[in-house]
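Biologist: Could you give me a close look at a single part of this model, residue by residue where that helps, and state the cut-offs behind each term as you go?

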Amino acid sequence: MSGLNTITGRAVGDLAHIWQSVRDILTTPIGSRVMRRDYGSLIPELIDQPMNPATRLRLMSASVSALVRWEPRLRIASVQFSVDARGGAVIDIEGERIDGSRREAINTLSIPLRG
């Protein structure tokens, strides 16, 4: 067991806890946490900008910089921004899990940015 599910309060496994943490980091606006004003990412500010190549690059950069700072269990290999079939924004992350002596590749971790 690695942690608790933020919705149900039940125990979650290592990879599910990482997924939950990554989603929380990416969807939390910087400055919104009282005791951790610098926690989060710039993605909530960028998500409603026009979807041009510059904004897509800013979204990918904001996600990588936030994850490098706040999620030490991951080493990011690549990040892609896409729009799913329902029109929702999704960040696809490829990387390696590096917590402790365990190392395993994370093929693709898709994080919905809304809803």
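Modeller: Ala54 counts as partly exposed because its relative accessible area is 36%, the class between buried (under 20%) and exposed (over 50%), computed with a 1.4 Å probe on the protein chains only. Ala54 lies in helix α3, where helices are DSSP runs of H or I with at least four residues, strands are runs of E with at least two, and both are numbered from the N terminus. From Ala54 to Arg10 there are 44 residues in sequence and 40 Å in space, C-alpha to C-alpha.

This is a predicted model, in which local features need pLDDT of at least 70 and side-chain atom pairs count only at pLDDT 80 or more, while totals for chains, interfaces and linings use all residues. Residues are numbered from 1 along each chain as its sequence is written, and side-chain values use heavy atoms, with hydrogens and water left out.

Helix α3, which spans residues 53-70, also holds Ser63. Ser63 is classed as buried because its relative accessibility is 0%. The Ser63 side chain comes to 2.7 Å from the backbone oxygen of Met60. Leaving out residues up to four places away in sequence, Ser63 touches Leu26, Ile43, Val79 and Ile91, contact meaning heavy atoms within 4.5 Å.

One of those partners of Ser63, Leu26, is among the buried residues of α1, which also include His17, Gln20 and Ser21. Helix α1 has 14 residues and runs 20 Å from its first C-alpha to its last, close to the 20 Å expected, the expected span being 1.5 Å times one less than the number of residues. Within α1, His17 is buried because its relative accessible area is 18%. The side chains of His17 and Arg73 are joined by a polar contact of 2.9 Å, that is, a pair of N or O atoms within 3.5 Å in which, within protein, one must be able to donate a hydrogen and the other to accept it, residues adjacent in sequence counting only if both atoms are side-chain atoms. Beyond its neighbours within four places in sequence, His17 is in contact with Ser2, Gly3, Leu4, Val12 and Arg73.
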